[in-house]
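This report walks through a protein model for a reader who is meeting it here.

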Amino acid sequence: MTDLHRTIEDFLFDYAECLDDRRYQDWPDFFDPIECRYEVLSRENADLGLPAPIMSCYSHGMLVDRVTMLVKKTLTYRPMYLRHQITNLRVRPGSAATITARANLTVLQSDVEGVSSLYMVGRYEDEILITAGQPKLRRKSVILDSFGVDTMLAVPL
Amino acid sequence: MTDLHRTIEDFLFDYAECLDDRRYQDWPDFFDPIECRYEVLSRENADLGLPAPIMSCYSHGMLVDRVTMLVKKTLTYRPMYLRHQITNLRVRPGSAATITARANLTVLQSDVEGVSSLYMVGRYEDEILITAGQPKLRRKSVILDSFGVDTMLAVPL
Amino acid sequence: MTDLHRTIEDFLFDYAECLDDRRYQDWPDFFDPIECRYEVLSRENADLGLPAPIMSCYSHGMLVDRVTMLVKKTLTYRPMYLRHQITNLRVRPGSAATITARANLTVLQSDVEGVSSLYMVGRYEDEILITAGQPKLRRKSVILDSFGVDTMLAVPL
């Protein structure tokens, strides 16, 4: 692995592309199959050190369940295009074998009439494990500056 | 060229700066003089594999024509400042000697009263040729999530 | 210093995180203690080569003064979360020992009700000095595309 920062960057951009392209069935593959956690927190709680997430999946099976309804289109939600803009990436050594990645995130939505607007603003705080050169998410925390958007939890962020 | 990713990144950021600074006369120079294509597509069409662009220039001369009216200020359009935010860049080997670059794009506009708003959201899908260390666009496809903005095609994206 | 671009990028992202986290007391530390300047200009003036800033601090003591009221919470301003998105970074050798960094900047704000909106759009033009491996700002010029937001100068950008 010659450039860890580039490897992590590429991994997160692939993650974003998966979601932007609505390939939700591929989303769990970005997580470590043995041990993983996906959680969405409000910034207010995160800043106060309050760990209660708005939602969380704490096993790989829960991630698969999470997107099954999206893949099968049994969940009804307003159709829209999303686009992730990941910036300000910092990569740091984490505890044990993991790497900590922190980045700012804006997601823009565009509706079927082609009108674009701000969908969410926040940041990622990720713990990433690299096994045989392949990064996998041990934990992804999505910390929301914006909330109150009732559709925000319909799809993974 | 020790770092291809950095070279491509720099090239795209120079491209964006050229447009943000409204140096439209320099815009065709980013394209390969022998063979090039600039096209704007809707995401809906691109996702369905429908190749019909909203607009396209398929020769270097057409690119020059495209901006002549902007340079000479014979085209009347609402004055505004634009700012490109290019993120999530992925660089991949393309066919033959070309490189494929894909990135997310948000353009913000600010009017003469200083009010900023979202101008367009979409992505770039570029084919880039590097000749004697200098990247040139063989093809730039701008794929719009947002559309219906009637001024959107007045200037290159 | 193996990768200057990465060093500068990291430095600017740390700068943004300091502001996003509202650690205003740490903000002056990003500037060179001997000689430094922080200024906010309108794009219109900057493009015309008119040097008059909207506001400026031209010594380290002025920077400290600038944030003292924020740290002590004696300045009353509408509480909100800010998030900096720094993109399109270009790093170039500057005059003498300095490095020139130019980047595009969007700041998103989220209010206490969790509603997000565009706070400001513009660019950074920085002169950075690296002493003993540590970057410090010799000058930071924040050039605003957007203005007229009356709260925009309440906090550093």
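## The sheet of chain B

In chain B, strand E4 (residues 98–110) and strand E5 (residues 116–131) pair in the antiparallel sense over 13 bridges, where strands are DSSP runs (E, at least two residues) and helices are DSSP runs (H or I, at least four residues), both numbered from the N terminus, and where two strands pair if DSSP finds at least two bridges between them. Within this pairing, Leu105(B) has Gly122(B) in E5(B) as its bridge partner. The structure is a predicted model, in which local features need pLDDT of at least 70 and side-chain atom pairs count only at pLDDT 80 or more, while totals for chains, interfaces and linings use all residues. Residues are numbered from 1 along each chain as its sequence is written, chains are lettered from A and ligands numbered from 1 in the order in which they are written, and side-chain values use heavy atoms, with hydrogens and water left out.

E4(B) and E5(B) belong to an open sheet of 6 strands, which has the order E2-E1-E6-E5-E4-E3 in chain B and mixed pairing. Its edge strands, each pairing on one side only, are E2 (55–57) and E3 (81–93) of chain B. Neighbouring strands of this sheet are turned by 20° against each other on average, direction ignored, with axes taken as lines fitted to C-alpha atoms, for helices over the stretch in contact, and angles running from 0 to 180 degrees between N-to-C directions.

## Helices on the sheet of chain B

A helix from another chain packs on this sheet: helix H1 (residues 4–20) of chain A touches E3 and E4 of chain B, and its direction makes about 105° with that of E3(B); contact here means heavy atoms within 4.5 Å.

Among the pairings, E4 (residues 98–110) and E5 (residues 116–131) of chain C run antiparallel and are joined by 13 bridges, and Arg102(C) has Glu125(C) as its bridge partner in E5(C). E5(C) and E6(C) also run antiparallel, joined by 10 bridges, and form a hairpin with 2 residues between them, where Ala132(C) in the turn has a positive phi of about 50°. E1(C) and E6(C), by contrast, pair in the parallel sense over 6 bridges, with Arg37(C) opposite Arg139(C) in E6(C).

## Where chain B meets chain C

How many residues of chain B are in contact with chain C? The contact involves 24 residues of chain B and 23 residues of chain C, and the two chains bury about 2,000 Å² between them, 39% of it on carbon and sulfur atoms; buried area is the accessible area (1.4 Å probe) that two parts lose on being put together, summed over both. In chain B, Tyr81(B), Arg83(B) and Gln85(B) lose the most area to chain C, together 34% of what that side buries.

Between these chains the count is 8 salt bridges, each a side-chain nitrogen of Lys or Arg within 4 Å of a carboxyl oxygen of Asp or Glu. One of them joins the side chains of Asp14(B) and Arg90(C) (3.2 Å, N to O). On the side of chain B that touches chain C, the elements giving two or more residues are helix H1 (4–20), E3, E4 and E5 of chain B, and H1(B) gives the most, with 8 residues.

## Where chain C meets chain A

The contact between chain C and chain A takes 24 residues from chain C and 23 residues from chain A, and these chains bury about 2,000 Å² between them, 39% of it on carbon and sulfur atoms. The count of salt bridges here is 8, and in one of them the side chains of Glu17(C) and Arg102(A) meet (2.9 Å, N to O). H1, E3, E4 and E5 of chain C are the elements that give two or more residues to the side of chain C that touches chain A, and the largest share, 8 residues, comes from H1(C).
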